[in-house]
Every structure is written in structure tokens, then in C-alpha cells.
Amino acid sequence: MMSDGVEDEEKWLTAGIAGLQQNAFYMHRALDSNNIKDALKYSAQMLSELRTSRLSPHKYYELYMRAFDELRKLEIFFKEESKRSCSIIELYELVQHAGNILPRLYLLCTVGSVYIRSKEAPAKDILKDLVEMCRGIQHPLRGLFLRSYLSQVSRDKLPDIGSEYEGDENTVMDAVEFVLQNFTEMNKLWVRMQHQGPAREKEKREKERNELRDLVGKNLHVLSQIEGIDLELYRDTVLPRILEQVVNCKDDLAQYYLMDCIIQVFPDEYHLQTLETLLGACPQLQPSVDIKTVLSGLMERLSNYAASSIEVLPEFVQVEAFAKLNNAIGQVIEAQPDMPVFGAVTLYSSLLTFTLHVHPERLDYVDQILGACVNKIAGKGKLEGKATKQIVALLSAPLEKYNDIDTALKLSNYPLVMEYLDDSTNKVMSNVIIQSIMKNKTHISTAEKVGALFELIKGLIKDLDGDDNDEMDEEDFKEEQNSVARLIQMLYNSDPEEMLKIICMVKKHIMSGGPKRLPFTIPPLIYNALKLVRRVQSQDENGSEDETSSATPKKIFQLLNQTIEVLSMVPVPDLALRLYLECAEAANDCDLEPVAYEFFTQAYILYEEEISDSKAQVTALYLIIGTLQRMHTFGVENRDTLTHKATGYSAKLLKKPDQCRAVYACSHLFWVDDQDGIKDGERVLLCLKRALRIANAAQQMANVTKGSSGSVLLFIEILNKYLYFFEKGNTQITVASIQGLIELVTSEMQSDNRSTSDPAADAFFASTIRYIQSQKDKGGATGEKFQAIKDV
């Protein structure tokens, strides 16, 4: 049925265009023969096609544009004729004899345009005559297009200041009156369209009206182009007249569009000086008008105006723009109790943007807006959807403006607004805050500020109500926690006392993070605390120790011990062990033997009781051996105890190759170059011999299980350890033992039991032999020492 209507409309349009073209043809022929009477006759018949009521606005526009093109040609003809013999006054009288009113008025407007151009009569009189006579068409669609045509042909002929059609006195007012009258009548016709036709087609009519809105809005654009409209005329006459029409039409579509037009077409400085009048109309609009978009548009324009030049800012203060806008928003929200939260938050977000541009120094204004927002959303529970996006925009604005989280922390209502975000959006906003800190490299330098900040970003550092981390993507979760870790690393204060308070404050907040978060947040806290330990120790060494200070290495280490203990219960024993060893090394630098021993004890307990995976054991053992080797604070007894334990762990590893490598690594515990007294050559040799036995056992097991002797890589590695200690001066490592090992490796590599060659082992051994040769070639004591090793 609808398709039938569309087809019928196409037929009517085709018939209308055909009739129009036919009469246009005869009109042109009459014009060519200079027959004005026939030209007017056929032009009237041509324009009669515009009397149709069958076409939709879209199709009617197509027909109108064809008629418009023909009228422009007719106007050119009238203009040329008026220059020759034809009297334009007589022509103006003649077209009024057209039989039908619609063609008559189109012709009157066309001739009237030429009449004004001829200057044989004042422009204001002709314009007044035309705008009054157009009242004769009250059909909404036909009347709108007729008046649009009148506006089009007269826009360059208004009696404006500086115009060639300017009259003697007060001519600008005549131009304003003409445009305002035409605008008023067009708006009435446009509004009346909603009442044409059955109620079931209301939606269709609204769509059609929306297509025609620019015809009405063009009048406001013409008004804005009149040079003679100064601020006084705009404030006293133009704006009140327009707003009167907007408010009285009581049509939501018209009110929304026209308010937006006013804001867009007139200058920003006029809006600023007439703010009270413009805002006063807002509460009088229909409740269904999207006033939030209108006001947001106004505030955006004023914000851009303020940002354009610092010289205009005093004007905003002078007219009390913030107070007026804030009051208007309050009145609108009060007048529309059913306004959704999203709408109210949008208004406050726009007001905040305006305030940050105009009054960036007034934090009280910013806090006032956030407080008003809290009052509006109070009792609504957690917000969702569009409202949360606007809240994020609202909270992000101060961060972007001030580039300083310190400023946001001064706003008492800032955290209150964040409380109303749902959990996922709370995390998004927390990330925005952290990224702002990272981007601007902001230093949060007091414990109080750190506490306030971590309260703001609590969505990232602990589980919120109903929060389920299982639903979150693992990569996203890691990225979030890494952001928090980077934030913790940035915290700094040059005063050790305050820095310790900051560390305690962070610990207080992150400890409730749960087993998934703690492995991310505790390590950066530990390393930050260790930096503090080294700073305090450095001050002590320089003689600036404060006896009353609570930030002593011992107290910090107590805090670290408690913190890592929590991590070991998560459990992530391998991470906890690594952190215990880091702390032990820091205690070593501070010459705190009991503290370092305690950390090693805790690391050993974790190794024995919690780490069962063979690969994790190997990694942990290498960390233990490497850290223990660097320790210089232990006495003989404590060092022997820890070393004995480490070598014992090495021999108990599951795989023979792992045992072998761990045991020969332990040899370094008995020979440390930079420490006097730890050069026990005998025990080094014992470790290496033990490693060699284990390597032999590994070879035998490979022979039994695989039928081949396996790789000789372990023997080559042990050979390199022998060479290392031989070069370092360990007298227990003899040339004979090295020679024996070289022969063993050579024999194994040539053995018939080896099923395949091992390229890595071959290359390693060749490199080792080249090293021996290079040492021989050095000459001197080293060369002489290595000369005793025979070539293979």
C-alpha cells in the first residue's frame, strides 16, 4: 500500500514537471518575441503547478526548484526590460492581475526584486508590501516555499547600513522588521503542519517537518548577516522577538531547532551579553525539548570563545556568566523532574568544561559543579550506560585541564562522584587517573595525598562489591595491575620520614588486593622501600643520621619482612623467595648480619616447604647461590651454615644434569675474588670432584636408558670451571687434573658409544682449547702457567 502511494506521488511529480516545462517553453517563446502579456500568462500557468497538495515536501522541493530556475530567467528578462522602455511600476501593477493567488504572489516577488533594484521606490515599502501580501497563502507547505522564495530574492536587497538600498533614517529597523515578520509567519506555517492530516500519520509528518526546518532557519541566518544589528538592537529587539515566537509556538521540534539556530548563527559576544535573556527562555520550553543539547551547545560556544583570546575573559566575569549558567541548569533540571540522569550529567559536564576554560583558577566552582552532580545522582544507585560515559568525561576534564592529580585531590566532591560509577567504569576512570599521572610525571609527595589517590583508584587495587575477576580478560587485568605497579614506583619524597609514611600508606591499601593482585603490587612496593633503605644508609655513612628518625634500615626491613610474608601465603613462593633474597642483599649493604641471615632463613624455608616443581627449584637455587656469593657481612659460622645448606640442596635436585651444574656453581661460594679470607681451594676442589662424579653417573644412566653415552657437555663445563680456578690461583687445581679432564672429554667424544655428534659440545670444546692456547700465547706468568697443559 505504501509502495502504491510512492508510485502515485512519482506520477504526480512527473505530470507536474511536464506541465511546468510545457508552459515554460511557451513563456520562453513569448519572451523571445518580447510579448510580455503572453509571457506573464504562461508563467502564471507554469507556477500553477505549485498549487498541488499531493506531493510530499521532498517531491514538492524538486518541483519548486525547477520553477525557481525559470523564475530567475524571468527576473533577468524583467531587469533588461526595465532598462529599456517598459515601466517597472506598470509591470508591478500588471502581474497583480494574475488569476490565481499563488502564481500572482510568486510573480509579485520576482517583479518586486527588480522594482527594488531599480530604486524607483524605497526598498522598505516594497518589502513591507510583499511580506504582507504573502499572508494570502495559508497552506503550510505552499506558504513555506513561497516565503522561502521571498527571502531568497530579497536577501541582497535589504535596506542595511552600507547597502545601496539604505534609506534616509532607521532603515536597519525596517530590514529587521521585514525578516522577523517573514520568520514569524514561516514558523507559524511550519508548526501548523503537525495538525494537517490524520493522527496515525503524525510520525510521517514530523519527519517531513524536519526536512523543512532549514527553510525557517534561513531567516535567522539572514538576520545574523545584517550589518546594522548591533548589540543594543539585538538585545532590545531581535532576540526578544525571536524568543517570543519560539516560546509561544509550544512545539518541541520548532523550539529545539530554533534555539539551536539562535546559538549557532549569532556572534558569541552577543550571547555573552544577553545570557540572562537567552537562558530565561529555557525553563519555558516544552518538557520534551532536548534542552541539554541546546545548553551544551551554548556552553561549548562560550568555552571556545573564552579559549580564543585571553582578552575576553573579563567580560565573562563582568556578566557573571558562571552564576547565570549554573542557575539556569538548576532551573531546567527542577522544571523537568523526569529528566534522565544522563541528561543532567551532560549539562554539568558542559558547565564544567566552560568553567575550566573561563575560570580555571576557581576550584570552588569546579567542586560546586561536582557537588551539584552528586546531589542529582544521589539515590540512583550505580550508574550505567550513557550516564557513566558522561561521568567519566566529567571527571577527566579537570585532569586534562590541570595536568596534575594534586589539583583533583583538592576537590572534596571528586571521590563522591566516582562512588556512583559501576565497577567496570570505576576501573576505566582509575586507569585514566593513573595515565594522567604517568603522562605528566606527577610526583605524589605526601602520605595523605597517596591515601586520597589510592582511595580514588581502589577499583584497581582491591575487589569491589560483586567484582568478579574471572570474567575479566587476563591481558587486560595484567595491564591494569602493571599500571598500578608503575604508579607505586613513581611515589617519592626526599624526606625519609615522609617516604616511609608513603610506603606504609601504600601497604595499607594494597594488602586487601587479594591473591591475584598482590604478585603485581607488592614487588614495586618492596623495591621502592629498598631504594629508601639505600638512601637512608647513604645518609648515615655521610654522617647525617637522625637518631630520632623512625626511617631506619632496621624498621624498614621489619616492614619488608611482614609484607613479603603475606606474599608467601598467596601463594607465589618463587616470587617471595626472590624478594627475600633482594632484601638480604640490601641488608648486606647495610652491614646488618642478623637481618640478612633472617631473610636467607625465610628464603630457605620457602625453598624447602613450598617450591616443589623441579624447574622452579633449579631457578631458585641459582638465585640463592648467586646472592650468597655476593654477601660479605656474614661471619664464618653463619656463612658455613648457609653454604652447607645450598650445597645440600644442589645434590638433592631431581635431574642429574641439574645436580651437577648446581654443585659446580656452589664452588664459587668458597672462592670470592674481592673478599679476603673466602678462598678455600680445598672445598672448591671437593665441589668440582663431586660435580664430576655426578656427571659420570649421568653418563652411565644415559648409556643404560638410551644405549649411548650421551652428551659430554657437562664434562666440558666442569673443565671450564677447573680452568677458571686454575687461572685465579687455586693451588688445589693442578695441571694434571686439567690434563686428565681434557683427555676424558676427548676420549668421550671419540667413543664408539656416541650415536650422534653434538655440535654444541664440539664447538664449546674447541672454544675451550682455543682459550688455553691464547693464554699460552700471552707469555709472562700466565703463559708459563698454562704452558704445562699439553696440546690435545
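In what kind of crossing does helix 28 pass helix 29? The crossing is left-handed. A crossing has this hand if the near helix is turned anticlockwise from the far one by less than a right angle; clockwise makes it right-handed.

## Basis of the model

This is a predicted model, in which local features need pLDDT of at least 70, side-chain atom pairs count only at pLDDT 80 or more, and totals for chains, interfaces and linings use all residues. Residues are numbered from 1 along each chain as its sequence is written, and side-chain values use heavy atoms, with hydrogens and water left out.

## Helices 28 and 29

Helix 28 spans residues 553–568 and helix 29 spans residues 573–589. Helices here are DSSP runs of H or I, at least four residues, numbered from the N terminus. The two axes come within 9 Å and cross at roughly 165 degrees. That makes helix 28 roughly antiparallel to helix 29. Axes are lines fitted to C-alpha atoms, for helices over the stretch in contact, with angles from 0 to 180 degrees between N-to-C directions. Angles under 35 degrees count as roughly parallel, over 145 as roughly antiparallel, 65 to 115 as roughly perpendicular and the rest as oblique.

Contact means heavy atoms within 4.5 Å. Helix 28 brings Phe557, Leu560, Asn561, Ile564, Glu565, Leu567 and Ser568 to the contact. Helix 29 meets them with Leu575, Ala576, Leu579, Tyr580, Cys583, Ala586 and Ala587. By class, the contact of helix 28 with helix 29 has 11 nonpolar residues, two polar and one charged. Ala, Val, Leu, Ile, Met, Phe, Trp, Tyr, Cys and Pro count as nonpolar, Asp, Glu, Lys and Arg as charged, and the others, Gly among them, as polar.

## Helices 17 and 19

Helix 17 covers residues 341–358, and helix 19 covers residues 386–402. Their axes come within 8 Å and cross at roughly 10 degrees. Helix 17 and helix 19 are therefore roughly parallel to each other.

On the helix 17 side, the contact residues are Val341, Phe342, Val345, Thr346, Tyr348, Ser349, Leu352 and Leu356. Helix 19 supplies Lys386, Ala387, Gln390, Ile391, Ala393, Leu394, Ala397, Pro398, Lys401 and Tyr402. The contact of helix 17 with helix 19 holds 13 nonpolar, three polar and two charged residues.

Gly112 lies in helix 5, residues 101–118. Its relative accessibility is 0%, so Gly112 counts as buried. Buried means under 20% relative accessible area, exposed over 50%, and partly exposed in between, with a 1.4 Å probe and protein chains only. Leaving aside neighbours within four places in sequence, Gly112 is in contact with Tyr92, Ile126 and Leu130. Ile503 is 391 residues from Gly112 along the chain, and their C-alpha atoms are separated by 84 Å.

Helix 7, residues 140–154, holds Ser148. Ser151 lies in helix 7 as well. Ser148 is buried at 9% relative accessible area, and Ser151 is buried at 11%. Not counting residues up to four places away in sequence, Ser148 touches Tyr64, Met186 and Leu215. With that exclusion, Ser151 touches Asn182, Asn219 and Val222. Ser151 and Val222 are 71 residues apart in sequence and 8.4 Å apart in space, C-alpha to C-alpha.

## Salt bridges

Side chains of opposite charge can pair when their charged atoms come close. The whole structure has 27 salt bridges. Each is a side-chain nitrogen of Lys or Arg within 4 Å of a carboxyl oxygen of Asp or Glu. Arg534 pairs with Asp589, the closest N and O atoms being 3.5 Å apart. Arg534 lies in helix 27 (residues 518–541) and Asp589 in helix 29, so the pair ties together parts that are 55 residues apart in sequence. Arg534 is partly exposed at 39% relative accessibility, and Asp589 is partly exposed at 36%. Shared partners join the salt bridges of Arg117, Asp156 and Lys157 into one network.

Asp156 is partly exposed at 46% relative accessibility, whereas Lys157 is buried at 3%. Lys292 forms a salt bridge with Asp290, with closest N and O atoms 2.8 Å apart. Lys292 is buried at 17% relative accessible area, and Asp290 is partly exposed at 28% relative accessibility.

Terms used
Helix = DSSP H or I, 4+ residues; strand = E, 2+ residues; numbered from the N terminus.
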